[in-house]
Amino acid sequence: MSRRNAARERPITHVYDAAYAGVPNWDIGRPQRAFVELLDAGLVESPVLDVGCGTGELSLFLARHGCDVLGVDLSPLAIRQADEKARWRRIAAQFLVWDALDISRLRAADLSFRTVVDSAMFHILGDRERDRFIDGLADVVRPGGLYCVLGDARRSNGEIYGLTPDEIRTRFGNAGGWEVAFAFRTTFERRWSSNPAYFVGVRRR
């Protein structure tokens with residue numbers, strides 16, 4: 001299956017559970033550098049939602065630096081591993097099996113966030129899923145809050161996989177109530193490779 005076609009279908013939980021039964025290429029055992037720099041710049045404010053958190057390295061990093069963090073992921077196995085890491089490292093991050101496309105339902109639990117971090121979740125979504133996710137963000141990000149996404153740079157205009165700053169600007173502009181705070185080219189690291197990527201921050205008005 002091509003990456004283009006794969007990105008158009010909703011990821012299935014058991015596929016990710018199978019990946020986390022081993023060590024996925026994208027799980028590098030630490031947060032991506034872009035998010036470390038984001039924290040160093042003072043742009044991460046609590047509470048934080050980590051969408052597509054995987055085994056929790058980014059959530060645990062932010063929690064260790066004083067942030068109140070909730071990590072969510074489709075994969076029960078990934079969340080179980082994240083919980084185990086939090087327990088062994090004695091870090092007070094919270095994790096929940098949850099579909100990021102349904103984050104608007106977190107409002108029913110009276111949850112909202114100043115910062116949402118996304119390390120390579122958005123870039124795998126299909127076209128309609130991206131707009132649905134953005135609609136959900138509007139329900140859980142507080143005014144003035146920041147959504148920060150890191151994803152592979154799109155290789156061609158014919159693909160949906162990956163992202164570009166122009167796409168983020170257009171989609172969030174169409175949704176209304178958002179403005180791009182920063183966008184720059186960077187690298188997404190994997191265990192055995194790295195890809196050109198974009199890091200984009202969008203602020204809720």
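**Helix α7 and its surroundings in a predicted model**

Modeller: In this predicted model, helices α6 and α7 cross in a right-handed sense.

Colleague: Which residues make the contact between α6 and α7?

Modeller: From α6 come Asp-127, Arg-130, Asp-131, Ile-134 and Leu-137; from α7 come Glu-167, Arg-171, Phe-172 and Ala-175. By class, 4 of the residues in this contact are nonpolar and 5 are charged, with no polar residue.

Colleague: At what angle do the axes of α6 and α7 cross?

Modeller: The axes of α6 (residues 127–140) and α7 (residues 165–175) cross at roughly 55° and come within 10 Å.

Colleague: Which residues of α7 are buried?

Modeller: The buried residues of α7 are Pro-165, Glu-167, Ile-168, Arg-171 and Phe-172.

Colleague: How do you know that the buried residues of α7 line one face of the helix?

Modeller: Viewed down the axis of α7, the buried residues fall within an arc of 160°, so they line one face. Their cover includes α6 together with β5 (141–152), β6 (178–189) and β7 (194–204).

Colleague: Which exposed residues does α7 carry on the face turned away from its buried side?

Modeller: That face carries Asp-166 and Asn-174. After α7 comes Gly-176, with a positive phi near 80°.

Colleague: What makes Arg-90 count as exposed?

Modeller: Exposed means over 50% relative accessible area. Arg-90 has 80%, and therefore it is exposed. Arg-90 lies in the loop between α5 (76–89) and β3 (94–97), and its phi is near 55°, a positive value in a residue other than glycine.

Colleague: Why does Asp-110 count as exposed?

Modeller: The relative accessibility of Asp-110 is 66%, and the cut-off is over 50%, so Asp-110 counts as exposed. Asp-110 is found in the loop between β3 and β4 (113–119). The phi of Asp-110 is near 60°, again positive in a residue other than glycine.

Colleague: Which residues are joined by a cis peptide bond?

Modeller: Ser-46 and Pro-47 are joined by a cis peptide bond, with omega about -5°. Pro-47 lies in the loop between α3 (33–40) and β1 (48–51).

Methods
Residues numbered from 1 in each chain as written. Predicted model: local features only at pLDDT ≥ 70, side-chain atom pairs only at ≥ 80, totals over all residues. Heavy atoms only, no water. Axes fitted to C-alpha atoms, helices over the stretch in contact; angles between N-to-C directions. Helix = DSSP H or I, 4+ residues; strand = E, 2+ residues; numbered from the N terminus. Left-handed = near helix turned anticlockwise from the far one by under 90°. Contact = heavy atoms within 4.5 Å. Nonpolar A, V, L, I, M, F, W, Y, C, P; charged D, E, K, R; others polar. Buried < 20%, exposed > 50% of the residue type's maximum accessible area, 1.4 Å probe, protein only. Arc of directions from axis to C-beta.
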